[in-house]
Amino acid sequence: MSLHIGARREDVAPKVLLPGDPLRARFIAREFLEDAVEVNAVRGMYGYTGTYRGERVTVQGTGMGMPSMAIYATELMREYGVRTLIRVGTCGAFLPEVRLRDVVLAQGASTDSNMNRLHFRGIDYAPLADFSLLYAAYRTARRLALPVHVGGVFTTDRFYGDADKEAYEKKLAEHGTLCVEMETAALYTIAKAYGARALSILTVSDHLVTREETTAEERERTFTAMIRLALETLVSDEEKE
């Protein structure tokens with residue numbers, strides 16, 4: 001067990017999906033995994049382990065924001081030896097060509113968070129996805145005939161903003177940033193520190209240009225293309241543990 005995860009070490013698989021919403025973790029376990037067993041319920045942040053196409057997989061909720069992601073990612077890697085992690089989350093699109101419910105593969109993450117600047121003593125470290133996972137996910141998306149966008153995302157500490165936040169989000173969009181979310185920069189940074197592999201696969205849940213948005217129930221239960229892509233990426237991954 002770790003401070004925030006009540007599972008035994010042997011209960012957690014080497015490959016883990018990380019939804020922010022613990023209810024999405026429960027949905028994934030019930031709808032996609034065989035013989036899924038609850039392995040964590042500490043603070044209501046549910047985790048389950050089961051199999052997908054014969055391969056053992058854990059799905060663990062992380063909560064919202066970089067600090068919460070950092071807690072669960074660190075404990076999974078440090079205490080449980082996890083070495084492959086895929087975030088399955090939601091994002092808000094910046095660009096007109098990135099449509100509602102489209103899937104985004106986060107190649108790298110810009111951020112307004114001070115977490116990395118504190119850690120790297122003012123250096124603007126560039127958190128990047130593991131290339132083998134990114135490439136595997138892209139190939140899998142092509143095989144499944146899923147239209148996906150690959151590129152940079154923006155990880156923010158603030159869900160609600162002001163005119164200043166809107167101004168720099170516009171600047172990020174002008175420089176090709178695909179979308180905004182709240183966890184990827186932390187996941188990528190911590191994974192590199194532990195010699196692990198990480199990728200964020202995101203579904204567009206709202207659009208900052210068109211102002212379209214999905215409901216909470218849709219975000220919990222209907223973003224199945226992203227989940228299928230993540231699981232297929234794990235089982236087709238050529239770099240075995």
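This is a predicted model: local features need pLDDT of at least 70, side-chain atom pairs count only at pLDDT 80 or more; totals for chains, interfaces and linings use all residues.
Tyr160 sits out in the open, with a relative accessible area of 70%. The rings of Phe159 and Tyr160 pair up edge-to-face, since their centres are 4.9 Å apart and their planes meet at 80°.

In total, six aromatic pairs turn up. Another one of them joins Phe27 and Phe32, where a centre distance of 6.4 Å and a plane angle of 75° make the pair edge-to-face. Here both partners, Phe27 and Phe32, are buried.

As for the interior, nonpolar side chains in soluble globular proteins tend to be buried together. In this model, the largest nonpolar core takes in 74 residues. Helix 2 (residues 66-80) supplies the largest share of that core, namely eight residues. Leu17, Leu76, Ile86, Val104, Leu199 and Ile201 have the most contacts inside the core. Leaving aside residues up to four places away in sequence, Leu17 touches a run of partners that includes Ile28, Val57, Val59, Ile86, Val88, Ala230, Leu231 and Leu234. Thr58 and Gln60 are also among the residues that Leu17 touches.

Val150, by contrast, belongs to strand 7 (residues 148-155). With a relative accessibility of 35%, Val150 falls into the partly exposed class.

How values were computed. Residues are numbered from 1 along each chain as its sequence is written. Side-chain values use heavy atoms; hydrogens and water are left out. Helices (H or I, at least four residues) and strands (E, at least two) are DSSP runs, numbered from the N terminus. Buried means under 20% relative accessible area, exposed over 50%, partly exposed in between (1.4 Å probe, protein chains only). A nonpolar core is a set of buried Ala, Val, Leu, Ile, Met, Phe, Trp, Tyr and Cys residues joined through side-chain atoms within 4.5 Å. Contact means heavy atoms within 4.5 Å. Rings of Phe, Tyr and Trp (its six-membered ring) pair if their centres lie within 6.5 Å; planes under 30 degrees apart count as stacked, over 60 as edge-to-face and the rest as tilted.
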